[in-house]
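Please read the following note alongside the sequence and the model.

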Amino acid sequence: MSWDNAEYERVLGTRRFGREVVFLEEVDSTNRWLLENEGRFYLAGATVVANHQTVGRGRRGRRWQDVAGKSLLFSVLLRPDKDSAPLGFLPLISGVAVAESICRLCACSAERLRLKWPNDILVDGCKVGGILAESVSMGERVCVVVGIGINLTQTEEELPRDTRQAISSLHLLSLQPSSRESLLAKILEELEGLYDLFRESRVDEMKRRWSSFAQSRGTAVAVETDSGVARGSYEGIGDQGQLILRDQSSVTRELYSGEILSEARNG
Ligand code: BTN
């Protein structure tokens, strides 16, 4: 499957996001490529899309695997200024953009979609997409690359095995965006609007949008952190985008990085 740029331009409804776009047939990682080439781009939301990544980067040092032509793999360049909301919101709003786009383009009910903190995209409990935000500081300014991978048409055999989390593709879950180009265009459109909220530091609105796809409060969670596994009930996200947990002694803990391992309803 190659990239149809005419179709992409026809459906793209953004002001700036994705207006500068590069399509690469094969690259090691779109995140690595964009971080190294950021100086070539002028507009916020410059985007690089790949048909295949040979060394796709995942969260927590893992690899993100794909089969050529069967995923949507892209990275978006953002240059937030100092007055914007905390950077922790960038991967969160990106997850919202993906979730809302899948709902709209694939006629998928919002109940089937879940964002697992910080930014796994789940459909019917299976991970179909992931997000990795990476940044470089350049003196006063910071440049953030948000990389998004979505499994589109893989069969069971073509998906990586993961003992921690069931993995699937939109196709296996009977969800079919009309094209890879239209899904990318829709995500960029949603992200552009959410990035306006981020720039205006509208933290409550971003939290509300993210929480509409999150597990309900009171859900028991186990979170793998750099210093071990933290357990407690999910109490929402804070003003930096951090996860708020309440342990059995009702002590509140705030986690800024980590990964939710499991969920079980309390009570
Ligand atoms: C995760 O581990 O859940 C995050 C996966 C992020 C994968 C995407 S694919 C496009 C972009 N380029 C990369 O190398 N990684 C991200």
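**Note on the fold**

1. Strand S1, helix H2 (residues 30–37) and strand S2 make a right-handed β-α-β unit. A crossover is called right-handed if, with the strands pointing away from the viewer, the path from the first strand over the helix to the second runs clockwise. Helices (H or I, at least four residues) and strands (E, at least two) are DSSP runs, numbered from the N terminus.

2. The model is a predicted one, in which local features need pLDDT of at least 70 and side-chain atom pairs count only at pLDDT 80 or more, while totals for chains, interfaces and linings use all residues. Residues are numbered from 1 along each chain as its sequence is written, and side-chain values use heavy atoms, with hydrogens and water left out.

3. In what order do the strands of the open sheet lie? The seven strands follow the order S1-S2-S3-S7-S6-S5-S4, and the pairing is mixed; two strands pair if DSSP finds at least two bridges between them. S1 and S4 are the edge strands, each pairing on one side only. From one strand to the next the twist averages 20°.

4. Strands of a sheet pair through backbone hydrogen bonds, either parallel or antiparallel. S1 (residues 21–27) and S2 (residues 47–53) run parallel and are joined by six bridges; Glu26 stands opposite His52 in S2. Strand S3 (residues 71–78) and strand S7 (residues 141–151) pair in the antiparallel sense over eight bridges, and Ser75 has Gly147 in S7 as its bridge partner.

5. Two helices lie across the sheet. H2 lies across S1, S2, S3, strand S6 (126–138) and S7, at about 25° to S3. H4 lies across S1, S2, S3 and S7, at about 30° to S3. Axes are lines fitted to C-alpha atoms, for helices over the stretch in contact, and angles run from 0 to 180 degrees between N-to-C directions. Contact means heavy atoms within 4.5 Å.

6. At what angle do helix H3 (residues 89–105) and helix H5 (residues 203–211) pack? The angle is about 45°, with the axes 9 Å apart. H3 is therefore oblique to H5; angles under 35 degrees count as roughly parallel, over 145 as roughly antiparallel, 65 to 115 as roughly perpendicular and the rest as oblique. H3 passes H5 in a left-handed crossing, a term used if the near helix is turned anticlockwise from the far one by less than a right angle, with right-handed used if clockwise. Among the residues that meet are Phe89 and Leu92 in H3 and Met206 and Trp210 in H5. By class, this contact of H3 with H5 has seven nonpolar, no polar and three charged residues. Ala, Val, Leu, Ile, Met, Phe, Trp, Tyr, Cys and Pro count as nonpolar, Asp, Glu, Lys and Arg as charged, and the others, Gly among them, as polar.

7. The axes of H3 and H4 come within 8 Å and cross at roughly 135°, and the two helices are therefore oblique to each other. H3 passes H4 in a right-handed crossing. The contact of H3 with H4 has 13 nonpolar, three polar and four charged residues.

8. Most residues other than glycine have a negative phi, and most peptide bonds are trans. The peptide bond from Trp117 to Pro118 is cis, with omega near 0°; Pro118 lies in the loop between strand S4 (113–116) and strand S5 (120–123). Ser201 is not a glycine, yet has a positive phi of about 60°. Ser201 is placed in the loop between helix H4 (180–199) and H5.
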